[in-house]
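Me: I am new to this structure and would like to learn how to read it. Could you walk me through a few features?

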Amino acid sequence: MSELTKLTIAKAKEGLKKKEFSAVELTEAYIKEMENKRGLNAYVLETPEIALEQAKVSDKKYAAGTAGFLQGIPMGIKDLFCTKGIRTTACSHILDGFVPPYESTVTQKLLDAGISVLGKLNMDEFAMGGSNETSYYGPAVNPMKAKNSSENLVAGGSSGGSAAAVAAGMCAAATGTDTGGSIRQPSAFCGVTGIKPTYGRCSRYGIIAFASSLDQAGPIAKDVRDCALLLNSMCGYDAKDSTSAPVEVPDFEKFLTGDIRGLRIGVPAEFRPEGLNSEAAACWDNGMALLKEHGAEIVPISLPHTKYALAVYYIIAPAEASSNLARYDGIRYGLRVPGKHLDDLYINTRSEGFGNEVKRRVMIGTYVLSAGYYDAYYLKAQKVRRLIHNDFEEAFKKCDVILTPTSPTDAFPIGDKSMRENPINMWLNDVFTVSVNLAGLPAISIPAGLSSRGLPLGLQFIGRAFDEGTILKAAHVLEKDINFAGK
């Protein structure tokens, strides 16, 4: 890996300002890494020519003293974000060849800040999956390997390409989206840092929808400071998104003071069920001990409705997916598979265009929304969702942030039989993350240790709504103590 591609965004910004290297040189270094590591399948579309042209503009702006906040920083964009003039497919066959005529608000904000776009990153189809194996383009491969093994491991999902690309030095940072853990879980698997902001903090305009009440954009980066810098540009109210919150965006970097004395760290009993992976538990215990050394107070809390979170999520998310994906009919854009009649066209297009996991969730969602089952499933799930939200409100009366594992295990092999044959095993990877989305709260995952197989394990900080600053502050302190992988 090039020395330039090892730099954090903060260090790269500093080097560009001091003219230690140019934006073109930085971009070229990342392009070389992309070429060398195509076997990871992190990118589904590379745009080196676009990135280099943007880098040339960045160098001119640095020379003129008009550089933007992220000027010249090369980034990868998850294939769920619409990018004007650049193919966007949500890694689904049904959106083959779709080139958006407009830019998503989040990517436009990043472009306005001066980034260079290296390409579109792999993901689970329509963000439905926890391993990146449902992608029409095949799975992204985790750059990490288990000890004494050459077996390819999953990068996590749905933002697997984003996490793999950052971990492998194929971009300085990447955009991701998180519906039930899709930023945090792949970040944990690949040993990088990812934050899901509060629902409404980042605009959803131009992000291809999976579950509209749960989806939220966020960054995946090398460390906590980089996540803070990216949030400064990505967040903000957007009139084009009715769920965007008209809340002031603070300077998130200012929260990284290194001082967490008196901070109350909540530890939920329900996140330590019988049979919890001993390595995940040990990593969690170590995190608590390190935070305590810095003057934080460890506070036992309870989130009693956590045990229902997965069931609630897998009713609400498929229901919203069923509604959102009805627009893909072969008429207006993307794949079209003709038939004798109009109904045949719909059936043929959707049958061939959607993968098995998407079909599974659409069918579940259609079922729970159907007459006779709406009250029994969907309405009841919404009521329990409120109870989950209330649990967090009660917990935050006793603590300032909550600390949990990010995932119950480390990364598993691509094609794992137990996951492939029983989808519920795959869904269980989200057991520690989905409740955060149901409550609309911010959460960050940082690499916090290695399993006995030498693979990354993550810890998750959960915060109050619109209090990303406190979880960034706590995560920054723990990150420095752990010094993961020599960073």
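Predicted model: local features only at pLDDT ≥ 70, side-chain atom pairs only at ≥ 80, totals over all residues.

Me: How are two packed helices described?

Reply: Two packed helices are described by the angle between their axes and by the distance between those axes. Take helix H9 (residues 309-324) and helix H12 (residues 374-395): they pack at an angle of about 125°, and their axes are 9 Å apart. That angle makes H9 oblique to H12, and their crossing is left-handed.

Me: Which residues of H9 and H12 meet?

Reply: On the H9 side they are Ala-309, Val-312, Ile-315, Ile-316, Ala-319 and Glu-320. In H12 they are Tyr-377, Tyr-378, Ala-381, Gln-382, Val-384, Arg-385 and Ile-388. By class, the residues of this contact are 10 nonpolar, one polar and two charged.

Me: At what angle do H11 and H12 pack?

Reply: Helix H11 (residues 356-369) packs with H12 at about 105°, with the axes 7 Å apart. H11 and H12 are therefore roughly perpendicular to each other. Tyr-367, Val-368 and Leu-369 in H11 meet Tyr-374, Tyr-377 and Tyr-378 in H12. This contact has six nonpolar residues, with no polar and no charged ones.

Me: Next, the core. Which residues touch the most other members of the largest nonpolar core?

Reply: As a general idea, nonpolar side chains tend to be buried together in soluble globular proteins. Here the largest nonpolar core has 153 residues, and those touching the most other members are Tyr-43, Phe-126, Leu-230, Phe-392, Ile-444, Phe-461 and Leu-472. H9 gives the most to this core, with 10 residues. For a closer look, pick Ile-444: leaving aside neighbours within four places in sequence, its contacts include Ile-195, Val-224, Leu-459, Phe-461, Ile-471 and Leu-472. Thr-193, Gly-194 and Gln-460 are also among the contacts of Ile-444.

Me: How many residues of helix H5 are buried?

Reply: To read this, count a residue as buried when its relative accessible area is under 20%. In H5 (residues 160-167), seven of the eight residues are buried, so this helix is largely enclosed by the rest of the structure. The buried ones are Gly-160, Gly-161, Ser-162, Ala-163, Ala-164, Ala-165 and Val-166.

Me: What do the buried residues of H5 pack against?

Reply: They pack against strands E1 (43-46), E2 (74-78), E3 (116-121), E4 (173-178) and E6 (216-221), and against helix H6 (184-190). After H5 comes Gly-169, which has a positive phi, near 75°.

Note on methods:
Residues numbered from 1 in each chain as written. Heavy atoms only, no water. Axes fitted to C-alpha atoms, helices over the stretch in contact; angles between N-to-C directions. Helix = DSSP H or I, 4+ residues; strand = E, 2+ residues; numbered from the N terminus. Parallel < 35°, antiparallel > 145°, perpendicular 65-115°, else oblique. Left-handed = near helix turned anticlockwise from the far one by under 90°. Contact = heavy atoms within 4.5 Å. Nonpolar A, V, L, I, M, F, W, Y, C, P; charged D, E, K, R; others polar. Core = buried A, V, L, I, M, F, W, Y, C linked by side-chain atoms within 4.5 Å. Buried < 20%, exposed > 50% of the residue type's maximum accessible area, 1.4 Å probe, protein only.
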